[in-house]
Amino acid sequence: MSDKSEQPTTTEKIVDFQQNAEHVAEQPVASVSDVMKTLSMKDFSHAPKMPCFRDSVLYGIGSGTGIGVGHFLLKKNIKSACNWAVGGFALVSIISWEVCQYQRRVKLHQIETIVNTLKEHQIRKKLELEKPRPEATSSQQ
């Protein structure tokens with residue numbers, strides 16, 4: 001990298017990308033069955049405690065049910081209605097999860113900004129208190 005800036009050049013980025021790609025290509029690819037063997041019920045027991053999980057699943061269930069019933073009433077095909085219900089559940093759950101996570105990140109950023117602002121304000125106040133005050137002049141008497 002150059003001394004003038006810390007930004008890597010395009011050539012350095014390409015070389016770095018190629019090295020990372022070679023490293024990833026050397027790793028063995030796990031099959032679905034290998035991944036399933038590593039999962040246990042304990043992995044899923046903390047899911048309801050996760051922020052946004054409950055609301056996302058409830059929105060998905062409600063929407064999937066509504067979409068499935070609506071499709072069944074229109075088309076009178078139970079198999080197609082079930083497919084639409086599952087698809088609606090998945091889509092609404094994912095979208096509501098992402099929206100909730102985005103809102104959480106925004107709130108956390110706002111809280112962090114407020115905390116930093118308060119810290120800076122406290123430091124300024126402390127510095128002002130530590131400054132020596134100019135002596136009162138005798139002309140005020």
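What share of the contacts in the protein chain with a separation of 6 or more is accounted for by residues 24 or more positions apart? The share is 64%, where contact means heavy atoms within 4.5 Å. The model is predicted, with local features requiring pLDDT of at least 70, side-chain atom pairs counting only at pLDDT 80 or more, and totals for chains, interfaces and linings using all residues. Residues are numbered from 1 along each chain as its sequence is written, and side-chain values use heavy atoms, with hydrogens and water left out.

**Figure 1. Overall secondary structure and surface of the protein chain.** The protein chain contains 5 helices and 0 strands, and its pattern along the sequence reads α-α-α-α-α. Helices (H or I, at least four residues) and strands (E, at least two) are DSSP runs numbered from the N terminus. Of the 141 residues, 10% count as buried; buried means under 20% relative accessible area, exposed over 50%, and partly exposed in between (1.4 Å probe, protein chains only). The protein chain exposes about 12,800 Å², of which carbon and sulfur atoms supply 62%. Accessible areas come from the Shrake-Rupley method with a 1.4 Å probe, and for residues only the protein chains shown count as cover.

**Figure 2. The disulfide between Cys 52 and Cys 100.** A disulfide is a pair of cysteine sulfur atoms within 2.5 Å, and by this rule the count comes to 1. The sulfur atoms of Cys 52 and Cys 100 are 1.9 Å apart. Because the torsion about their S-S bond is about -70 degrees, the disulfide is left-handed. Cys 52 belongs to the loop between helix H3 (41-45) and helix H4 (53-75), whereas Cys 100 belongs to helix H5, so the pair ties together parts that are 48 residues apart in sequence. Both Cys 52 and Cys 100 are buried.

Figure 3. Ser 93 is situated in helix H5, which comprises residues 78-130. Ser 93 counts as buried because its relative accessibility is 11%. A polar atom of the Ser 93 side chain lies 2.8 Å from the backbone oxygen of Phe 89 and 3.4 Å from the backbone oxygen of Ser 56. When neighbours within four places in sequence are set aside, Ser 93 is in contact with Ser 56, Val 57 and Gly 60.

**Figure 4. The accessibility of Cys 82.** Cys 82 has a relative accessible area of 42% and is therefore partly exposed.

Conventions
A polar contact is a pair of N or O atoms within 3.5 Å; within protein, one must be able to donate a hydrogen and the other to accept it, and residues adjacent in sequence count only if both atoms are side-chain atoms.
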